Amino acid sequence: MYTPQVTDHYENPRNVGTIADADGTATVGSAASGEMVKLTLKITDNVVIAAKFRAFGCPTAIASASMLTELVTGTHTSEAQKITADQLAQALGGLPQDKQRYADAAEKVLKNAIADFLSKKEARSLC
């Protein structure tokens, strides 16, 4: 049922954890519902230099978040904002339709974390 890429990212997830001094943070879903992804980003000169995640859910949720951290690290925030759920699914070798929601959640948490970074950056520039 799972592609080799999904299995690899589930069994050997990359970048698990939380960045204590994150520049951008977001959470989608809730642990109570059984499906949650938290993403923390470290950003320097508008480039994502580190990304870490915590995820609760099925193997596809963990694999999607793990792949997301790999795709986003090293990218400019303007490019990171363009990463889509379809790109994540493709990078994972494809996802069954009933598992696409995990890639959708990963896309949403990324966009929210970047929005958090941008709002903090704007607030700092107003000071």
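**A first walk through the model**

Tutor: Keep in mind that this is a predicted model. Let's begin at Thr40, which sits in strand E2, residues 35-44.

Student: Is Thr40 buried or exposed?

Tutor: Buried. Its relative accessible area is 2%, and the cut-off for buried is under 20%.

Student: Which backbone atom does the Thr40 side chain reach?

Tutor: The backbone nitrogen of Ile19, at 3.0 Å.

Student: And what else is Thr40 in contact with, leaving aside neighbours within four places in sequence?

Tutor: Gly17, Thr18, Ile19, Ala22, Gly24 and Thr25 are on the list. Ala50, Ala51 and Lys52 complete it.

Student: Switching to helices. At what angle do H1 and H2 pack?

Tutor: About 85°, with the axes 8 Å apart. H1 covers residues 4-11 and H2 covers residues 59-72.

Student: What do you call that arrangement of H1 and H2?

Tutor: Roughly perpendicular. That label applies because angles of 65 to 115 degrees count that way.

Student: Which residues meet there, between H1 and H2?

Tutor: From H1, Val6, His9 and Tyr10. From H2, Pro59, Thr60, Ile62, Ala63, Ser66, Met67 and Glu70. By class, this contact has six nonpolar, three polar and one charged residues.

Student: Now the inside. How many residues are in the largest nonpolar core?

Tutor: It has 32 residues. Those with the most contacts inside it are Leu39, Leu41, Leu68, Val72, Leu88, Val109 and Leu110.

Student: Which elements each supply at least two residues of this core?

Tutor: Three strands do: E1 (24-30), E2 and E3 (47-56). So do the helices H2, H4 (85-91) and H5 (100-126).

Student: And which gives the most to this core?

Tutor: H5, with eight residues.

Student: You listed Val72. What does Val72 touch, not counting residues up to four places away in sequence?

Tutor: Leu41, Val48, Ala51, Ala80, Ile83 and Leu110.

Student: Where is Ala80 found?

Tutor: In helix H3, residues 77-80. Ala80 is buried, with a relative accessible area of 0%.

Student: What does Ala80 touch, with residues up to four places away in sequence not counted?

Tutor: Val72, Thr75, Leu110 and Ile114.

Technical notes:
Residues numbered from 1 in each chain as written. Predicted model: local features only at pLDDT ≥ 70, side-chain atom pairs only at ≥ 80, totals over all residues. Heavy atoms only, no water. Helix = DSSP H or I, 4+ residues; strand = E, 2+ residues; numbered from the N terminus. Buried < 20%, exposed > 50% of the residue type's maximum accessible area, 1.4 Å probe, protein only. Polar contact = N/O pair within 3.5 Å; in protein donor to acceptor, adjacent residues only side chain to side chain. Contact = heavy atoms within 4.5 Å. Axes fitted to C-alpha atoms, helices over the stretch in contact; angles between N-to-C directions. Parallel < 35°, antiparallel > 145°, perpendicular 65-115°, else oblique. Nonpolar A, V, L, I, M, F, W, Y, C, P; charged D, E, K, R; others polar. Core = buried A, V, L, I, M, F, W, Y, C linked by side-chain atoms within 4.5 Å.
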